[in-house]
Amino acid sequence: MSKVAFLGLGVMGAPMAFHLANAGHSVIGYNRTSAKASDWEKRISGDGLDGSIASTPTEAVADCDVVLACLGNDDDVRSVLLGENGAMAAMKRGATLVDHTTVSPALAKELAEMAREYGLLCVDAPVSGGQAGAENGKLAIMCGGTDEAMAAATPVMEAYAARIVHIGDAGAGQTCKAINQVCIAGVLAGLSEGVRMAQATGVDPNRVVEAISGGAAQSWQMENRWQTMVAGEFDFGFAIDWMRKDLAIALGEARASGISLPVTALVDQFYAQVQSQGGARQDTSALIRHLPEVSE
């Protein structure tokens, strides 16, 4: 088992770090908001696992074999990894950095280059599966980096992963995550319109989903979100604020590659509308709110 640090103990990071400790790793956690770090430490100690918290990233990563991060955006990653008391400069030579944050492929490549200068291995490893996937230890992880870095990171990531795929070189994992979000956006747009159509035409949504979920219309979003979309319940899952951050990355990568993503751009506008309606922290399935509600 390894000595590992986990930077970022939020909705995703806290359960991921718990699974690491539960798998037998010695885990040092760090979070910029101390209350979340304390909550995580209480859970770890309550279960008799090997875990503690540090007050700075520098303190957290000292002598660790693997350092994992799950933060908010590019600026957060720069601050925690590269800023004052940043983690990378304090990591021991030969250690492995695994960044689970969804960031721009450009930043992922920059981190990989800096890692080489520091004598470190680096994997960009954004995840899919949401809060439920993190809590259940069933995340899908898409990775960019060298074969050597993947060999070092994979045994640790297996503590909370259902699937780990090495996409390619540095930045490839983040590019794959952008594609993932593009696909989700389109599926949610279609599901939103389908649910509203069922409500408007007066057919039973339960029967509709029973009929179509066994065929080509089936999706994870349909299976896990149609009931709450019908009920107007969105206080869980992956927030619209984060989805828009991810779609901005995807649209930027598309422009840089000389292609257009018209459906994604339209869905992003719909999400902006839902944000303006107070849905910024609601689950991405709140996309349905951009469509007028159906009168009883």
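Is Cys 176 buried, partly exposed or exposed? I get a relative accessible area of 23%, so Cys 176 is partly exposed; my classes are buried under 20%, exposed over 50% and partly exposed in between, with a 1.4 Å probe and protein chains only.

Housekeeping before I go on. This is a predicted model, where local features need pLDDT of at least 70 and side-chain atom pairs count only at pLDDT 80 or more, while totals for chains, interfaces and linings use all residues. I number residues from 1 along each chain as its sequence is written, and side-chain values use heavy atoms, with hydrogens and water left out.

**Cysteines**

How many disulfides are there? I count zero disulfides, taking a disulfide as a pair of cysteine sulfur atoms within 2.5 Å. Cys 64 is in no disulfide, and its nearest cysteine sulfur belongs to Cys 122, 16 Å away. Cys 64 is also buried, at 1% relative accessibility.

**Backbone**

I then went through phi. Most residues other than glycine have a negative phi. Asp 63 has a positive one, near 65°. I find Asp 63 in the loop between helix H3 (57-61) and strand E4 (66-69); helices (H or I, at least four residues) and strands (E, at least two) are DSSP runs numbered from the N terminus. With a relative accessible area of 54%, Asp 63 is exposed.

Asn 85 also has a positive phi, near 60°. Asn 85 lies in the loop between helix H4 (74-82) and strand E5 (96-99), and at 41% relative accessibility I log Asn 85 as partly exposed.

**Enclosed space**

My cavity rule: on a 1 Å grid over the protein atoms alone, a cavity is a set of points where a 1.4 Å probe fits but cannot get out, and lining residues have an atom within 4 Å of a point. Points join across faces, edges and corners, and a volume is the space filled by probe spheres set on them.

I get one cavity of 30 Å³ or more. The largest cavity holds about 30 Å³. Which residues line the largest cavity? They are Thr 102, Val 103, Gln 174, Lys 177, Ala 178, Gln 181, Asp 246 and Ile 249. Helix H8 (172-201) gives the most to this lining, with four residues, and helix H11 (240-256) supplies at least two. By type I note three nonpolar, three polar and two charged; Ala, Val, Leu, Ile, Met, Phe, Trp, Tyr, Cys and Pro count as nonpolar, Asp, Glu, Lys and Arg as charged, and the others, Gly among them, as polar.

Definitions and conventions. On a 1 Å grid over the protein atoms alone, a cavity is a set of points where a 1.4 Å probe fits but cannot get out, and a pocket is an open set with protein on both sides within 12 Å along at least five of seven lines; lining residues have an atom within 4 Å of a point.
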